[in-house]
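This report goes through one structure part by part. Keep the sequence and the 3D view open while reading.

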Protein chains: 2
Amino acid sequence: MSEQELGITESKEYATGDWYAEVVQKAKLADYAPMGGFIVTRPRGYALWEALQDHLDGWFKETGVTNAYFPMFIPESFLEREKDIVEGFDPEVAWVTHGGHDELEERLAVRPTSESIIAPFMAEWTRSHRDLPLRLNQWCSVVRWEATETKPFFRTKEFLWQEGHTAHEDEDEAWDETMLRLDQYEQLFEDVLAIPVMRGRKPEHDKFPGAHTTTTVEALMPDGKSVQSATSHYLGTSFAEAFDLTYTDENEDEQVAHTTSWGLSWRSLGALIMTHSDDQGLVLPPTIAPTQVAIVPIWQEDTKDEVLEYAEEITDELEEAGISVELDDRDERNPGFKFNEHELNGVPVRFEIGPHEVDDEEITIVHRPDGESIVEDREDIAETAEEHFDDVYEKLYDAAEENLEENVREAESPPEILGTIGKHGGYVECGWCGDEACETVIKDEIAAEIVMCPLDRDEEPVHDECAICDDEAEETAYFARTY
Amino acid sequence: MSEQELGITESKEYATGDWYAEVVQKAKLADYAPMGGFIVTRPRGYALWEALQDHLDGWFKETGVTNAYFPMFIPESFLEREKDIVEGFDPEVAWVTHGGHDELEERLAVRPTSESIIAPFMAEWTRSHRDLPLRLNQWCSVVRWEATETKPFFRTKEFLWQEGHTAHEDEDEAWDETMLRLDQYEQLFEDVLAIPVMRGRKPEHDKFPGAHTTTTVEALMPDGKSVQSATSHYLGTSFAEAFDLTYTDENEDEQVAHTTSWGLSWRSLGALIMTHSDDQGLVLPPTIAPTQVAIVPIWQEDTKDEVLEYAEEITDELEEAGISVELDDRDERNPGFKFNEHELNGVPVRFEIGPHEVDDEEITIVHRPDGESIVEDREDIAETAEEHFDDVYEKLYDAAEENLEENVREAESPPEILGTIGKHGGYVECGWCGDEACETVIKDEIAAEIVMCPLDRDEEPVHDECAICDDEAEETAYFARTY
């Protein structure tokens with residue numbers, strides 16, 4: 001890679017889409033596949049997914065979830081058993097029609113989501129209330145044949161995700177489950193990805209097909225667009241009824257189970273990359289960065305040995321403390337090149353070590369997001385590094401939080417909604433009558449939609465009247481442009 | 001689950017196939033999917049795959065491999081770029097022909113293996129010798145539309161596996177890579193799955209399509225059939241040539257890279273289940289068992305409190321030592337039922353704790369494979385448990401090793417080959433001229449084939465003459481029936 005290739009040429013502020021695509025490619029996170037809509041996830045990108053999985057999968061398992069694996073194909077007749085599912089996904093299903101040289105008797109859908117193949121097995125495995133709750137999750141890829149421009153991690157026909165599917169005795173328990181998973185998604189964004197999120201409920205006309213309620217966590221990107229980052233659905237009894245998921249209760253009476261499903265995809269990586277990165281390249285919080293510290297030794301011929309020895313000692317000490325560290329002792333590159341490369345790749349903390357640091361038993365520590373440079377004692381360096389990780393995390397989180405807090409604005413009329421989103425982006429909260437037609441009025445003017453309503457259906461709307469039609473407001477709506 | 005449902009009704013010795021299917025279903029490892037050839041991997045089965053992944057993925061990463069993810073679809077024209085690949089897999093590819101309501105311009109293969117989609121990207125990412133070696137791996141599922149009877153983990157149209165793909169400067173380095181991965185597969189079988197394996201090379205006519213050499217680890221099942229448990233291929237330069245995977249060497253000359261690929265699928269789980277399990281159900285080595293110890297307290301009404309307290313203390317102590325333990329304190333089941341259930345589920349070690357154990361500060365430890373029962377001191381119980389894990393592992397390994405050692409026999413004529421395999425199963429080693437026609441002579445009589453030849457092509461054949469045609473023997477062939 002040449003000096004030139006390290007540079008990001010596009011601007012996050014003025015050409016967000018091109019800048020994002022450039023960061024993804026130059027930081028070697030992903031490449032475009034030969035078929036439109038598909039990407040190749042390179043090792044640096046996949047390592048982020050693995051780190052995210054480690055966190056979330058651990059939390060799932062601590063709270064009673066077990067992983068399983070269901071077939072990637074779903075017979076067409078199974079998709080058709082829940083009418084909302086088939087209507088919701090039919091236009092975007094990839095169909096397998098031939099096996100080898102033979103045409104199949106029944107077409108197979110490449111799973112767009114797996115309720116239709118998982119629910120019948122949950123039904124088979126559930127006899128009595130003692131078999132409940134039943135909590136399954138799978139990490140896999142799904143396919144949705146949407147004809148939009150490919151945007152790595154945000155918009156791809158095949159994407160990686162996890163999908164959780166649970167069955168419960170009653171509505172209360174299923175609701176608790178729905179909210180527990182939403183909490184865990186929020187925790188992932190707040191505590192691992194350094195992104196504050198809004199929690200809410202999708203409007204009725206934008207629920208998951210067949211769901212009673214779809215809850216969502218929404219993250220606001222720096223360009224003012226919202227990312228639906230994960231959803232958790234209370235499915236009521238619709239899937240249980242369609243697939244005969246029943247159980248005998250303590251009185252030996254047959255009851256219909258209540259089910260949930262919840263999923264988080266690699267869009268969360270898109271949100272991560274988009275939120276923190278800058279015109280120098282990728283920025284990652286230390287919680288998820290595959291390399292947390294890059295050590296760059298700076299030597300002349302006569303100081304090389306002592307500098308390298310000192311750098312190696314520190315590398316060992318960090319590694320022993322479980323910190324992921326890369327000692328960049330390449331001869332053929334100068335320090336400036338190395339700084340740029342580690343910045344491009346999103347290494348959150350850099351240690352610079354030259355003869356001065358060796359003499360004074362110190363280390364110069366540089367933060368990725370803002371270039372702040374601090375000289376620290378060499379003693380207890382692993383502990384010191386952890387403190388800097390916390391500092392860097394806080395800087396990233398605070399910036400994202402400031403962006404969110406400054407960009408929720410009220411509006412009381414269509415021109416106000418349109419004007420506010422047009423000028424500032426972000427969320428516009430307003431009274432809403434609950435009618436999809438009022439959303440359409442806005443949608444037709446600018447590509448903004450209602451991304452969520454408050455979780456609590458009984459919450460008083462922010463204004464008494466619908467900002468669009470002036471009828472009585474049923475609830476508060478949050479309009480935003482979306483990814 | 002009733003007492004009755006715990007029992008395995010089929011016999012491993014007399015009806016191996018039915019017995020295997022029953023163990024898989026009753027131990028809740030997998031169920032049959034509605035489409036022939038597909039299975040649903042239940043949490044207990046998937047936990048085995050996760051444990052196996054943990055081991056193997058760790059070893060891969062320690063030896064320079066990074067994980068990535070490539071699209072699950074491969075355009076037909078990509079498959080066609082390497083002629084052996086297209087010829088080898090064409091009859092068993094599942095084809096996606098429609099996306100939503102539209103017919104695709106080009107059919108997409110659901111990946112049967114990913115060389116054809118990975119190699120072009122390896123070519124794109126490789127410019128100079130400094131970019132090599134390039135080592136990628138992905139954990140995913142692949143589809144091969146074979147029309148055979150479904151046998152969970154052994155024969156399924158979709159199966160989980162890992163596929164590694166590497167590129168190197170020269171043949172030596174690529175060969176080292178091929179053998180390193182074969183070593184790691186062997187290590188998995190020997191040190192984790194308690195199964196000794198034979199290492200060998202597939203005959204020329206049974207190589208991976210396009211490969212220079214296919215190496216294999218073969219495991220002998222108790223019914224005398226061999227399982228091809230993992231393969232590691234030195235691909236030579238055929239894929240590199242087909243996909244322009246070249247690099248500039250130190251002299252700035254353009255060179256063609258040498259590539260390898262290597263894969264292990266969930267057949268390894270099939271081999272694990274088949275090898276150790278018995279007529280009471282699943283048997284697992286403690287190295288991979290999701291639950292290593294089941295503690296069954298045995299109480300009367302007046303001793304319940306003290307027994308439970310003692311059992312809980314021991315549970316905590318084992319957990320603190322990182323042992324996976326289940327305290328089975330269910331009220332509604334008697335100890336006998338619990339014993340049977342944990343045996344069915346393959347828990348390798350059982351702790352029985354009654355009032356006597358409490359009084360004497362002891363624990364009765366029972367081994368799953370043979371029911372051996374040993375009374376041990378309560379002190380240092382975690383260490384003691386680890387010793388018993390080693391004992392159990394050794395028992396399982398020794399039994400499998402005995403089976404293998406007793407079942408490699410020489411033969412010098414077709415009747416001898418047929419008679420030996422017909423009577424004993426196992427491997428028959430004999431001289432072979434290298435001609436596929438001689439294998440066919442045997443194959444036509446019984447369903448046995450040449451599963452491997454010695455890794456070293458220069459090794460002297462076991463006999464001077466081909467056992468089938470009496471021409472000069474080129475090498476030793478190992479005939480066996482296979483899964």
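A residue is called buried when its relative accessible area is under 20%, exposed when over 50%, and partly exposed in between. By this rule Arg378(A) is buried, because its relative accessible area is 13%. The model discussed here is a predicted one.

**Salt bridges**

Over all chains, the structure holds 52 salt bridges. One of them joins the side chains of Glu313(A) and Arg378(A), at 3.8 Å from N to O. This pair connects distant parts of the chain, 65 residues apart: Glu313(A) sits in helix 10 (residues 304–320) of chain A, and Arg378(A) in the loop between strand 19 (373–377) and helix 13 (381–405) of chain A. Glu313(A), with a relative accessible area of 39%, is partly exposed.

In chain B, a salt bridge links Arg107(B) and Glu76(B). Arg107(B) counts as partly exposed because its relative accessibility is 29%. Another salt bridge joins Glu146(B) and Arg155(B). Here Glu146(B) is partly exposed at 29% relative accessibility, and Arg155(B) is partly exposed at 30%.

| Pair | Distance |
|---|---|
| Glu313(A) and Arg378(A) | 3.8 Å |
| Arg107(B) and Glu76(B) | 3.0 Å |
| Glu146(B) and Arg155(B) | 3.7 Å |
| Lys61(B) and Glu50(A) | 3.1 Å |

Salt bridges can also form a network, as they do among Asp328(A), Arg330(A), Lys338(A) and Glu341(A).

**The two chains together**

How is chain B superposed on chain A? A rotation of 180° with 0.0 Å of shift along its axis does it, with an RMSD of 0.0 Å. The two copies are therefore related as by a two-fold rotation axis. Val96(B) is the residue of chain B that comes closest to the rotation axis, its C-alpha being at 2.1 Å. Both copies use the same surface, since 100% of the contact residues of chain B recur in chain A.

In the interface, 52 residues of chain B are in contact with 52 residues of chain A. Together the chains bury about 4400 Å², with 66% of it on carbon and sulfur atoms. On the side of chain B, Tyr69(B), Met72(B) and Trp125(B) lose the most area to chain A, together 14% of what that side buries.

There are two salt bridges between chain B and chain A. The interface also has 21 residue pairs in polar contact. Strand 5 (residues 94–99) of chain B gives the largest share of the side that touches chain A, with six residues. The residues of that side are 32 nonpolar, nine polar and eleven charged.

**Two places inside the chains**

In helix 2 (residues 16–26) of chain A, the buried residues are Thr16(A), Trp19(A), Tyr20(A), Glu22(A), Val23(A) and Val24(A). They pack against strand 1 (30–32) and helix 9 (267–276) of chain A. After helix 2 of chain A comes Lys28(A), with a positive phi near 60°.

Thr215(B) is part of strand 10 (residues 213–220) of chain B. Is Thr215(B) buried or exposed? Thr215(B) counts as buried because its relative accessibility is 0%. Its side chain reaches the backbone oxygen of Ser232(B) at 2.8 Å. Beyond its neighbours within four places in sequence, Thr215(B) is in contact with residues including Trp175(B), Met179(B), Arg201(B) and Leu455(B).

Key:
Residues numbered from 1 in each chain as written. Chains lettered and ligands numbered in written order. Predicted model: local features only at pLDDT ≥ 70, side-chain atom pairs only at ≥ 80, totals over all residues. Heavy atoms only, no water. Buried < 20%, exposed > 50% of the residue type's maximum accessible area, 1.4 Å probe, protein only. Helix = DSSP H or I, 4+ residues; strand = E, 2+ residues; numbered from the N terminus. Contact = heavy atoms within 4.5 Å. Least-squares fit on C-alpha atoms with pLDDT ≥ 70 in both. Buried area = accessible area lost by both parts, 1.4 Å probe. Salt bridge = Lys/Arg side-chain N within 4 Å of Asp/Glu carboxyl O. Polar contact = N/O pair within 3.5 Å; in protein donor to acceptor, adjacent residues only side chain to side chain. Nonpolar A, V, L, I, M, F, W, Y, C, P; charged D, E, K, R; others polar.
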